[in-house]
Amino acid sequence: MNTTLNIALIQSDLVWENPFKNREVFTQKIRSIKHDVDLIVLPEMFNTGFTMNAVEVAETMNGETLQWLTGLSKEKNCAIAGSMIIIEDQKYYNRLIFMFPDGTYTKYDKHQLFTLAKEQEVFTAGQDEVVVHYKNWNIKLQVCYDLRFPVWARNTSAYDILLYVASWPKLRINAWDVLLQARAIENMCYCIGVNRVGVDGKGYEYNGHSAIYDILGNSIIHKNPIETETIGYATLEKSHISEMREKLPFLNDADQFKLL
């Protein structure tokens, strides 16, 4: 039984609409990890940047980036998670892939599409809540804009970790900081958020602030927000979850509901 989970968060700049170059960059960063890690987390649309040009850069579930994820996950003997643009049945999805070291994977399609960027005009929204079961940990998958909608994240399935990958701009970074912390506190879970840095092809600036919060809303990966390229490490403890939920049984008092 795994009572700890070792996490690496890769906060990186992204090369605009260039999957080959981004895979090359992330290969170097992932291979540079010397810590014993169970899970590596990459940003939203890590191989292209947050683009609406799906026609040009979308891949299939048998494409080069999926093959790349499979190979590196096996090589590092750990899971790797990040979102990318997938075409399936003539529809485009902003799909978060959670790749296991044995080559199997779990997928989650972004539910709340970002209307300010007209994401809903290009992509199809996912309708399924997804919880990954990995090394005795239950991890709920979310993508960027999902963060603003607490009902979609509500802990009705006794998950341990809420995981967000994002391209969250500097202009609204305060909301990112506050909402990640709030999701951890209200759901009595660890909350992980991985954001990018740099400037994208549309001129939007990103300043990271990737973070992990514990049940009490304490930051456990960086004392202060990091705004440059970095790899952050943290060890999550199952005992923290069980002890805090027993001491503070707030989830037992939550309203019961079901999403339709």
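The model is predicted, so please read the angles, volumes and pairings below as values computed from it. The chain holds 6 helices and 13 strands. A compact globule of 260 residues would have a radius of gyration near 18 Å, and the chain has 17 Å, which agrees.

**Overall dimensions**

- Along the principal axes, the C-alpha atoms of the chain fill a box of roughly 50 × 40 × 35 Å.

**The sheet of 6 strands**

- This open sheet has mixed pairing, and its strands come in the order E5-E4-E3-E2-E1-E13.
- Its edges are strand E5 (105–109) and strand E13 (230–237); each has a single partner strand, so one side of each is left without a neighbour in the sheet.
- From one strand to the next, the twist averages 30°.
- Helix H1 (residues 19–31) packs on this sheet, where it touches strand E1 (4–11), strand E2 (39–41), E3 and E13. The direction of H1 makes about 140° with that of E1.

- Strand E3 (residues 79–88) and strand E4 (residues 91–99) run antiparallel and are joined by 9 bridges.
- E4 and E5 form a hairpin with 5 residues between them. In the turn, Gly103 has a positive phi of about 95°.
- As background for viewing any of these strands, side chains in a regular strand alternate between the two faces of the sheet.

**The sheet of 5 strands**

- A further open sheet, again with mixed pairing, has the order E6-E7-E8-E9-E12.
- Strand E6 (131–134) and strand E12 (211–213) stand at its edges; each pairs with a single strand, so one side of each is left without a neighbour in the sheet.
- Neighbouring strands here are turned by 20° against each other on average, direction ignored.
- Strand E9 (residues 190–194) and E12 run antiparallel, joined by 3 bridges.
- Within this pair, Cys191 has Tyr213 of E12 as its bridge partner.
- Helix H5 (residues 173–187) packs on the sheet and touches strand E8 (161–165), E9 and E12. The direction of H5 makes about 155° with that of E9.

**The largest pocket**

- Rolling a probe the size of a water molecule over the atoms shows where empty space is left.
- The largest pocket holds about 430 Å³ of space.
- It is lined by 24 residues, and the closest to its centre are Phe50, Phe114, Ala117, Tyr204 and Tyr206.
- By residue type, the lining of the largest pocket divides into 13 nonpolar, 4 polar and 7 charged residues.

Methods:
Residues are numbered from 1 along each chain as its sequence is written. This is a predicted model: local features need pLDDT of at least 70, side-chain atom pairs count only at pLDDT 80 or more; totals for chains, interfaces and linings use all residues. Side-chain values use heavy atoms; hydrogens and water are left out. Two strands pair if DSSP finds at least two bridges between them. Helices (H or I, at least four residues) and strands (E, at least two) are DSSP runs, numbered from the N terminus. Axes are lines fitted to C-alpha atoms, for helices over the stretch in contact, and angles run from 0 to 180 degrees between N-to-C directions. Contact means heavy atoms within 4.5 Å. On a 1 Å grid over the protein atoms alone, a cavity is a set of points where a 1.4 Å probe fits but cannot get out, and a pocket is an open set with protein on both sides within 12 Å along at least five of seven lines; lining residues have an atom within 4 Å of a point. Grid points are joined across faces, edges and corners, and a volume is the space filled by probe spheres set on the points. Ala, Val, Leu, Ile, Met, Phe, Trp, Tyr, Cys and Pro count as nonpolar, Asp, Glu, Lys and Arg as charged, and the others, Gly among them, as polar. The radius of gyration is taken over C-alpha atoms; the globule rule is 2.2 Å times the number of residues to the power 0.38.
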